[in-house]
Amino acid sequence: MRGTLSEATISRIEQSSGALATHSLARMDEHLAWFRRLPADQRSWVMLVAQAGIGSFVEWLRSPDQVLRLTGEVFGTAPRELARRVSLQQTVELVRQTIAVVEEHVPSLASPGEEQAVADAVLRFSREIAFAAARVYAGAAETRGRWDARLEALVIDGLVRGARSTEAGSPVSQLAALGWRTEGAVTTVVGSARLDRDPTAALDSVHRAARRAGYDVLAGVHGGRLVVVLGGITDPLEAAQAVLEEFDDAAVVVGGSAPRMEGAAEVTATALSGLRAVAGWPGAPRPVSAEDLLPERTIAGDLNARHELIETVYQPLVEAGDVLLDTVVSYLDSGRALEATARALFVHTNTVRYRLRRAAELCGHAPTDARGAFTIQLALVLGRLSGYGPARTGGLQAGAPERAPESLQ
């Protein structure tokens with residue numbers, strides 16, 4: 001290149017570098033609407049990059065073998081934040097505008113007869129600048145990806161530990177940096193991680209599956225357990241179906257839903273409690289709601305599950321009155337035999353059926369179903385031990401039966 005262009009031409013380009021950069025900035029402002037919207041400090045960074053680019057072009061004309069170092073130094077003049085605010089496509093547009101300005105000034109910069117050589121040099125150097133920009137953005141993306149992965153792991157760890165949203169560095173305070181968009185309901189899905197996948201590949205697959213379904217997602221492998229937090233959900237079990245294949249073939253537990261991300265730690269704790277207890281129900285569906293595992297979680301020592309079982313199953317039956325409670329107790333004590341219960345209570349079997357249906361409506365579990373009977377029976381024991389409600393558990397007194405609707409008599 002040195003043999004092609006005279007020192008006089010190179011010197012003129014060098015002396016004009018400041019003016020060329022100023023003209024380039026003016027052209028960007030005229031042709032690029034997004035550039036006009038940039039804050040003043042970022043526009044000044046672009047000015048520095050343009051000046052460095054033209055200066056690097058001059059150095060390249062003198063030492064063409066140093067192209068990699070020189071083009072890399074062009075982008076080293078701007079803070080890393082510029083790469084986050086200006087996309088690669090926009091950077092290419094900036095380069096194009098700068099090159100157009102230099103090309104317009106070739107007649108005044110080149111010595112007579114060297115105009116074509118200067119134009120060719122500009123084109124070759126612009127190609128190197130484009131490659132340098134691609135390397136810068138690829139490196140920034142790789143660094144960002146590693147940083148995001150570490151932050152996501154910290155968020156999941158915080159949720160597993162039950163960090164509160166008010167704590168400094170809590171998971172909720174870190175979500176903005178991870179691009180969490182929604183403020184809607186969230187759920188947590190937990191299960192065993194697949195052993196046939198590398199953890200990094202497994203998490204990438206979870207993210208793809210969740211985003212295809214339209215959910216925000218955080219995921220992490222924690223002690224062999226895959227923990228997935230999904231945002232923007234309506235139904236927790238339906239949302240869990242989107243990522244179900246990313247778990248191994250063992251049980252998968254869904255921790256219910258929280259109206260906002262602030263409740264993610266609670267639903268995560270609920271899901272993990274369910275995962276520890278799900279072995280007690282070999283026939284559990286997959287996925288299974290932690291709410292459906294209240295008996296197993298209670299037996300496993302989860303005090304929250306114990307309180308919930310008393311509040312949602314035992315208390316509604318007690319508050320419905322002795323007639324309904326005694327019917328349920330008699331039915332369970334008789335081995336779920338309708339006729340035996342009716343004889344013990346001196347009522348018609350249809351009356352027993354009516355009361356049992358009413359009990360199911362109140363507590364959400366049907367005494368006539370094996371799973372429901374187990375749940376209610378455990379809730380009765382816990383409720384009696386808690387001291388809530390009547391202490392007696394005997395049947396109704398003879399001569400005081402409750403009448404069911406005539407259609408059920």
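Start by selecting helix 11 (residues 199-212): it lies across strand 2 and strand 3 and runs at about 155° to strand 2. Helices (H or I, at least four residues) and strands (E, at least two) are DSSP runs numbered from the N terminus. Contact means heavy atoms within 4.5 Å, and axes are lines fitted to C-alpha atoms, for helices over the stretch in contact, with angles from 0 to 180 degrees between N-to-C directions.

Before moving on, a note on what's loaded: this is a predicted model, where local features need pLDDT of at least 70 and side-chain atom pairs count only at pLDDT 80 or more, while totals for chains, interfaces and linings use all residues. Residues are numbered from 1 along each chain as its sequence is written, and side-chain values use heavy atoms, with hydrogens and water left out.

Now pick strand 2 (residues 216-222). Five of its seven residues are buried, that is, under 20% relative accessible area with a 1.4 Å probe, protein chains only. His222 has Arg225 of strand 3 as its bridge partner.

Zoom out to the open sheet, whose five strands come in the order 2-3-1-4-5 with mixed pairing. Strand 2 and strand 5 (288-289) are at the edges with a single partner strand each, so one side of each has no neighbour in the sheet. Inside, strand 1 (residues 186-193) meets strand 4 (residues 247-254) in antiparallel fashion over four bridges, and Gly191 stands opposite Val252 in strand 4. Show helix 13 (residues 264-277) too: it lies across strand 1, strand 3 and strand 4, at about 35° to strand 1.

Next, colour the largest nonpolar core. Such a core is a set of buried Ala, Val, Leu, Ile, Met, Phe, Trp, Tyr and Cys residues joined through side-chain atoms within 4.5 Å. This one has 33 residues, and those touching the most other members include Ile13, Phe35 and Leu61. Helix 4 (40-62) is among the elements giving two or more residues; its share, eight residues, is the largest. A second, separate core of 28 residues includes Val318 and Leu332.

Last stop: Arg371 over the face of Trp281, 3.6 Å from the ring centre. The rule here wants NZ of Lys or CZ of Arg within 6 Å of the ring centre and within 35 degrees of the ring normal.

Technical notes. Buried < 20%, exposed > 50% of the residue type's maximum accessible area, 1.4 Å probe, protein only. Pairing = 2+ DSSP bridges.
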